[in-house]
Structure formats: C-alpha cells, structure tokens
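Student: I've got a model open and would like to talk it through. Can you start with the contacts and work from there?

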Amino acid sequence: HGVRLLIVDDLHLLKTSLKLGREALDHLKAVVTAVGELGATVILAGANLHTHPVMDDPQVTGRAYEIPVAPYSGTTKADRLAFQQFLRECAKHAQPYLPAGRPDHIWKELPHIWLERSAGYHRDLLQLLRDATTAAIEDGTWAITEKHLAGVTLAARAERRNADAHATRRRATAPVGDPSATAAPRSGASA
C-alpha cells in the first residue's frame, strides 16, 4: 500500500449539522479505520477542533488524541528560540532569491519584527515572507528589510490582532502617575 501518513486538513469546515456533512464524516471514519489497519498514521487538522462537533463523535475521540498547536510567542527564551528556528527554516527557502541578504539576517536580526507582524501564526508568517521577498526583488534591493516587512498588508484577521496587541502594549507601557498627564492647569496659568 505504501501509505504511511494521511493528513486531512481544514476539518473545521465540515458541517456535521448537514446530512452531507454527516455522510462525509462517516466516510472519513471508514477511511481512518482502513488506513489505521494498514499501520499508517492519520492526522486530522483544523482550527479549534476541540470545540468542533466532530470531536464529540465517540468513534473519532476513541481513536484520536488532541495535540494543540499554539502560535509562536516571544514570552520565554525557549519560545523565542523555537520561533527563530522556525524562521531560519523558512528563510532557507527564500534566501536563493535574496542574493544581497545575509543568510542569517532574516532569523537573527529581525525575528522580533517577524513575530510582531505575524503574531506567531504560521499562515501570516508565510504570507509575510512571500510578500516581503517579492517586495525585495521588485525594488531591486534583493534583501528583506524592516521597510519590506512593514509594507506587507496581512489578512484582516492578522491586522486586527496586531492593532489589538499594539493597543494593549501602549496601555501596559503608559506612564503611571505622570502628573502632567492628569493635572489640571493651575489658576492664573496661561494655557
């Protein structure tokens, strides 16, 4: 048979409330059983599957276990290192098209910008890499710069997430107890 791994992605799009969706789920369970009997691994992937009705099916939950995949973060040193390693692997694919850029520039000098712009999500990170690489080629610099990263328009979801994160950081870093921010002008003082 030769099948060692079967990946079913976007399972969250399956509408089990519809008859066709239930039939598709029954077919999927039969395929998973058949492939499993051959010794292959099946990966069911999708967004928020832990809350999806497919995970309420005893035939699915009896054979599966959940491995949540969170976005990369920069919270700890280990988090930052894991993100840099992922970024380094991604950069290997772009580097042949960026001859003016140093191989380590993307993952060693700019990881904080990549992380901030992508919020650690793979899809947004890959879009950022594609679009920044294209911009570097089109403008003739042949190396990704902060300007290229800032110029990429991400999906609306990512832009909202970045705006929310930026607002949170602004509130968290606002000066506390700054008398000039809250003090009313003294009487007799000119405005």
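Student: What share of the contacts with a separation of 6 or more comes from residues 24 or more positions apart?

Tutor: A contact here means heavy atoms within 4.5 Å. Taking the contacts with a separation of 6 or more, the share from residues 24 or more positions apart is 65%. Keep in mind that this is a predicted model, where local features need pLDDT of at least 70, side-chain atom pairs count only at pLDDT 80 or more, and totals for chains, interfaces and linings use all residues. Residues are numbered from 1 along each chain as its sequence is written, and side-chain values use heavy atoms, with hydrogens and water left out.

Student: Which residues have the most contacts inside the largest nonpolar core?

Tutor: A nonpolar core is a set of buried Ala, Val, Leu, Ile, Met, Phe, Trp, Tyr and Cys residues joined through side-chain atoms within 4.5 Å. Buried means under 20% relative accessible area, exposed over 50%, and partly exposed in between (1.4 Å probe, protein chains only). The largest core has 22 residues, and those with the most contacts inside it are Leu87, Ile106, Trp114, Ile144 and Leu149.

Student: Which elements give two or more residues to that core?

Tutor: They are all helices: α3 (77-94), α4 (105-109), α5 (111-118) and α6 (122-138).

Student: Why is α5 largely enclosed by the rest of the structure?

Tutor: Trp114, one of its buried residues, touches Phe83, Leu87, Ile106, Ala119, Leu125, Leu128, Leu129, Ile144 and Leu149, leaving aside residues up to four places away in sequence. The buried set in α5 is Pro111, Ile113, Trp114, Leu115, Arg117 and Ser118. α5 is largely enclosed because six of its eight residues are buried.

Student: Is Asp124 buried or exposed?

Tutor: Asp124 sits in helix α6. Beyond residues up to four places away in sequence, Asp124 touches Ser118, Leu154, Ala155, Arg157, Ala158 and Arg161. With a relative accessible area of 0%, Asp124 is buried.

Student: Which element gives the largest share of the lining of the largest pocket?

Tutor: A pocket, on a 1 Å grid over the protein atoms alone, is an open set of points where a 1.4 Å probe fits, with protein on both sides within 12 Å along at least five of seven lines; lining residues have an atom within 4 Å of a point. Of the 40 lining residues, the closest to the centre are Leu44, Ala45, Gly46, Ile67 and Val69. At least two lining residues each come from α1 (19-37), β2 (41-44), α2 (58-61) and α6. The largest share, six residues, comes from α1.

Student: What is the phi of Asp10?

Tutor: Most residues other than glycine have a negative phi. Asp10 is in the loop between β1 (5-8) and α1, and at 39% relative accessibility it counts as partly exposed. Its phi is positive although it is not a glycine, at about 60°.

Student: Where does Trp142 lie?

Tutor: Trp142 also has a positive phi, near 60°. With a relative accessible area of 35%, Trp142 is partly exposed. Trp142 lies in the loop between α6 and α7 (146-151).

Technical notes. Helices (H or I, at least four residues) and strands (E, at least two) are DSSP runs, numbered from the N terminus.
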